Amino acid sequence: MTRRKFVVGNWKMNGLSGAVGEAQAIFAAADDHAGVDVAICPPFTLIGAMVAAAPGRAIGGQDCHSAESGAFTGSVAAPMLADIGAELVIVGHSERREGFGESDADVRAKAGAGLAAGLSVILCVGEPREVRESGGAIDFVLAQIAGSVPDDFDPQRLAIAYEPIWAIGTGLVPTVADVAAMHGAIRGALAGRFGDAADRMRILYGGSVNGENAAELLGTGDVDGALVGGASLTAAKFVPIIAAGAASG
Ligand code: PEP
């Protein structure tokens with residue numbers, strides 16, 4: 001089946017209020033490229049302003065707590081994201097898994113919280129360099145999928161992002177053959193668990209995607225979009241990736 005390509009910007013901890021104009025420019029330029037879904041996940045502090053400045057656009061959080069509310073100082077709950085107009089949330093980014101000690105069980109609970117709040121979820125998986133070098137990348141990622149993907153959800157509302165940790169922010173990118181093998185293995189594991197519904201789930205690639213490599217990566221089998229960090233911060237760098245997504249759709 002044909003899945004619409006999905007290109008998502010993860011702004012990480014970048015952007016003050018002036019950056020809202022850049023998001024408007026990105027969404028406006030995206031209108032020239034039909035057939036691709038575009039989302040931006042800015043820091044929490046910018047979501048409200050971005051929703052107000054770009055109504056109807058897909059804007060999301062980069063993380064959420066698994067609880068609906070409570071004594072969790074500094075955390076943001078999924079219903080709070082929905083309440084300020086976010087449509088989606090990223091969970092399980094490797095910077096959360098590694099930097100904040102999030103386990104597969106934590107990620108699964110966060111994904112469930114996002115879905116319960118009515119958000120779409122982008123659930124990240126990916127292996128560290130030593131696992132790739134030892135030949136264990138596919139087993140590692142499939143174990144993350146088994147442990148962190150919830151059991152019951154609308155397949156169109158949960159996307160997987162395969163992001164090899166060693167490719168994030170480094171300029172390194174796996175070979176197209178390795179990306180195809182990993183995405184095929186992920187699709188196979190999802191099909192084994194969810195049957196035909198796996199065909200409706202999008203599997204994004206993330207890790208040093210840029211305007212030069214996007215067409216090849218997005219044209220690879222079972223790659224349904226891209227999760228983009230550094231190159232999503234400006235329209236000049238992000239729009240060529242969106243264009244590549246549209247061209248490969
Ligand atoms: C990311 O952090 O999700 C990411 C893919 O970053 P970059 O594109 O900068 O490698």
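A polar side-chain atom of Glu163 lies 2.7 Å from an oxygen atom of the ligand, a polar contact being a pair of N or O atoms within 3.5 Å; within protein, one atom must be able to donate a hydrogen and the other to accept it, and residues adjacent in sequence count only if both atoms are side-chain atoms. The protein covers 95% of the 290 Å² of accessible area that the ligand has on its own; accessible areas come from the Shrake-Rupley method with a 1.4 Å probe, and for residues only the protein chains shown count as cover.

The model is predicted: local features need pLDDT of at least 70 and side-chain atom pairs count only at pLDDT 80 or more, whereas totals for chains, interfaces and linings use all residues. Residues are numbered from 1 along each chain as its sequence is written, and side-chain values use heavy atoms, with hydrogens and water left out.

**Ligand site**

- The ligand is surrounded by 14 residues, and the closest are Lys12, Glu163, Gly169, Ser208 and Gly229; a residue is near a molecule if one of its heavy atoms lies within 4 Å of it.
- Lys12 places a polar side-chain atom 2.5 Å from an oxygen atom of the ligand.
- For His93, the distance from a polar side-chain atom to a ligand oxygen atom is 2.8 Å.
- The shell comprises four nonpolar, eight polar and two charged residues. In this division Ala, Val, Leu, Ile, Met, Phe, Trp, Tyr, Cys and Pro count as nonpolar, Asp, Glu, Lys and Arg as charged, and the others, Gly among them, as polar.

**Overall fold**

- Ten helices and eight strands are present in the protein; helices (H or I, at least four residues) and strands (E, at least two) are DSSP runs, numbered from the N terminus.
- Of the 249 residues, 49% are buried, where buried means under 20% relative accessible area, exposed over 50%, and partly exposed in between (1.4 Å probe, protein chains only).
- Among contacts (heavy atoms within 4.5 Å) between residues at least 6 apart in sequence, 73% join residues at least 24 apart.
- Carbon and sulfur atoms account for 53% of the accessible surface of about 10,300 Å².

**Helices α1 and α2**

- In helix α1 (residues 20-30), the buried residues are Val20, Ala23, Ile26, Phe27, Ala29 and Ala30.
- These buried residues of α1 pack against β2 (36-41), α2 (44-53), β3 (58-61) and α10 (235-247).
- Met50 lies in helix α2 and is buried, with a relative accessible area of 0%.
- Beyond its neighbours within four places in sequence, Met50 is in contact with Trp11, Val20, Ala23, Ile40, Pro42 and Ile59.

- Lys110, in helix α5 (residues 104-116), is buried at a relative accessible area of 9%.
- Leaving aside neighbours within four places in sequence, the contacts of Lys110 are Asp63, Cys64, His65, Ser66, Val91, Arg96 and Glu102.
- Val228 belongs to strand β8 (residues 225-228) and counts as buried at 2% relative accessibility.
- Not counting residues up to four places away in sequence, Val228 touches Val8, Gly9, Asn10, Val209, Phe238 and Ile241.
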